[in-house]
Amino acid sequence: MTPLPVNPVDLVLMIPLGSAGLLVMLPGYRWSARLNVLASLLTFCSALLLFVQRPAPTSYLQIDDLNIVFVVLNTFVAFTTSIFSASYIAHELETGRLTPVYLRFYHAMFQFMMFGMNLALIANNIGLMWVAIELATLTTILMVGIYRTHEALEAAWKYFILGSVGIALALFGTILVYMAARPVIGAGLDAMAWSVLIRHAADFDPALLNLAFVFLLLGYGTKVGLVPLHAWLPDAHAEGPTPISAVLSGLLLNVALYAVLRFKMLLAVNDKTFAPGPLMITMGLVSLIFAAFMLYRRRDIKRLFAYSSIEHMGIIAFAFGMGGPLANFAGLLHMTMHSLTKSAIFFSVGHVAQVKGTQKIAEMGGLSVTHPVLAWTLVIGVAAIAGLPPSGIFTSEFLVVSSTFARAPLLAIPLVIGLLVGIGALFLRLGGVVFGEPRGSTAPDKASYLPFLAHLSLVLVAGLYLPGPIVSWFQTVARMLG
Amino acid sequence: MHGLEFDIAHLLAGGLVLVSFVMLYQDRMYALINVFALHAVLLALSVSWQAYVQDASHLYVTAGIALIFKATIIPAALRRIVERLNIHREIETVVGIGLTMLAGIALVALSAVVMLRVTATADPLAREDLAFALSIVLLGLLMMVSRRNAVGQVIGFMSLENGLVLAATGAKGMPLVVEISVAFSVLIAFIVIGIFLFRIRERFDTVELQALDRFRGERQ
């Protein structure tokens, strides 16, 4: 195979960065929305090129089995979100919630955030990854506060303070990992490179590595939204523009979890460290059960699905905490499926909130009468996220539950209770939105259903049949995670 | 490691912990800002000492950032904010000063116990530096939870970040320290600009973050 003239890794990073610069200067919102879609599409295509030609790791960047699919998923969801965003933003401009100047800023920030997230995934350096996650956090904070209402600013501020504390703890953990690596690898860049760390992790000082992992789990766990560090998440989802809620739930939480998984791999290689499993299992279960019960009292539709994200992040943390090939496989599958399904739901919710002019569940009943198509997308989305067959979420949740039953039946009981409580709450709230007396506006919607359909059909296909190469990839990575 | 180099590094790092304690009991905005400026100056001294001892000239950049940005520009900006928003005396703590100090002492003891036990094999300068750094981080966190107003919390966060920079410079030969300290400065600049631009006092009626607790978006 002839090598490509350009390195696809550079493209994945440079396209978002370059278009961010371009978008700052472009005045008209129609053009900037189109450019945003185009740039996201190009980034997605260059991410696909990574399958064809995988470049050798450098001291700062690398592509390996673990991150390649996350990069593709990241750029794919960014592409569909940019399509959704184009139709969403036009409406926001009409209603005057956003001014053209803020819109220019919005598109530039969107690409800048993608740059941060892609860099965090591709980074071959624990320090660089930290900086990239900080960058992605900062841009999302700005986006959350973009409406500049009282609530939006408060949500952004809360996210800011909690996110900063999390980021600070993660840096302390990063420094500790370097301290553990230095005596073995020697000072310098190599002692921070993933590809080198993983080869030598068996000789690291186990006590330092343990302590580092606790800080990293707490730090990046804040960004994952694990209870009790989740307080920022519902506010940030509810008050920002809906495309940002989709990207937050679908991508940023995954990126933070990816960071935790990377460090967990170091611990898995070193057999003298403590098992990180029980810590992650506890945090995961607590998140799952807490969020499942919290779902009942939600009156704001975006807040409802934000809590559902906490719930699913809990399930994923639980699965990786259980460890072993099967549970890790289920965790990876669930990460992918949740990312696709939840962003699809936010696409649908965004349009629902726009036609109804409110996010309050009490004010938007009877959607199946007023907007049947939107109502059905929402029902399908919720059925998929609740884990009803044949959605992909069903497959992954089934794997988590069955592997837990096989190895630790006692843990399976709270897990199943949490899942069932969550399902009940989602359908209870969904009933209020879709059925009953029609309330609120009946104006026709101008929604684009394409992104939603693309995501949901992928989830459905994955639930019915997983292609062989994907299964073998999941299995390889599941073994790497230990 | 010579005795004197070791002692001076200790003196400066210990000084930072002490100043963190001093920050805990300040009850006036201007005094708090001044103490924070002192914290940043001590950090700059400590980092430049590490740069000298380790013969790592790039660390002088980090020291310079601490001196110019954190000890000069940020305190000046904060003073302006306090003046504009008229919050000279609005420091309220969640629990009494005595209890906060006791909690602080407990945190320092905790970090010493944890770090010294864990890093038994590391070289002594690094391990004691880390113990000090963790104390500063924990004291910063304590300050963030015990202060009710936004400016106080930001200062708590910045002192926490000083602890991280101390840890990063103490880890011998760690790459990217300068980049990380720049990234942190950007973060802090954003926070301060955020308070200033959005006039958190004006828009939320008060800079007290307790007001945020009242907001859950769930009330009809």
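In chain A, 62% of the 482 residues are buried. The model is a predicted one. Chain A contains 19 helices and zero strands. Its radius of gyration is 21 Å, close to the 23 Å given by the globule rule for 482 residues, so chain A is as compact as a globular protein of that length. Taken along the principal axes, the box filled by the C-alpha atoms of chain A is roughly 65 × 55 × 45 Å. Of the contacts in chain A with a separation of 6 or more, 83% are between residues 24 or more positions apart.

Between the two chains, 35 residues of chain A are in contact with 38 residues of chain B. On the side of chain A that touches chain B, at least two residues each are supplied by α5 (126–144), α6 (150–185), α8 (206–224) and α9 (232–239) of chain A. The largest share comes from α6(A), with 17 residues. Sorted by class, this side of chain A has 21 nonpolar, four polar and ten charged residues.

Within chain B, the packing of one helix pair was examined. Helix α2 (residues 29–54) of chain B packs with helix α3 (residues 59–85) of chain B at an angle of about 175°, and their axes are 7 Å apart. Angles over 145 degrees count as roughly antiparallel, and α2(B) is therefore roughly antiparallel to α3(B). The contact of α2(B) with α3(B) has 20 nonpolar, three polar and two charged residues.

Methods:
Residues numbered from 1 in each chain as written. Chains lettered and ligands numbered in written order. Predicted model: local features only at pLDDT ≥ 70, side-chain atom pairs only at ≥ 80, totals over all residues. Helix = DSSP H or I, 4+ residues; strand = E, 2+ residues; numbered from the N terminus. Rg over C-alpha atoms; globule rule 2.2 N^0.38 Å. Buried ≥ 20, exposed ≤ 12 C-beta atoms within 10 Å, placed from the backbone. Contact = placed C-beta atoms within 7 Å. Nonpolar A, V, L, I, M, F, W, Y, C, P; charged D, E, K, R; others polar. Axes fitted to C-alpha atoms, helices over the stretch in contact; angles between N-to-C directions. Parallel < 35°, antiparallel > 145°, perpendicular 65-115°, else oblique.
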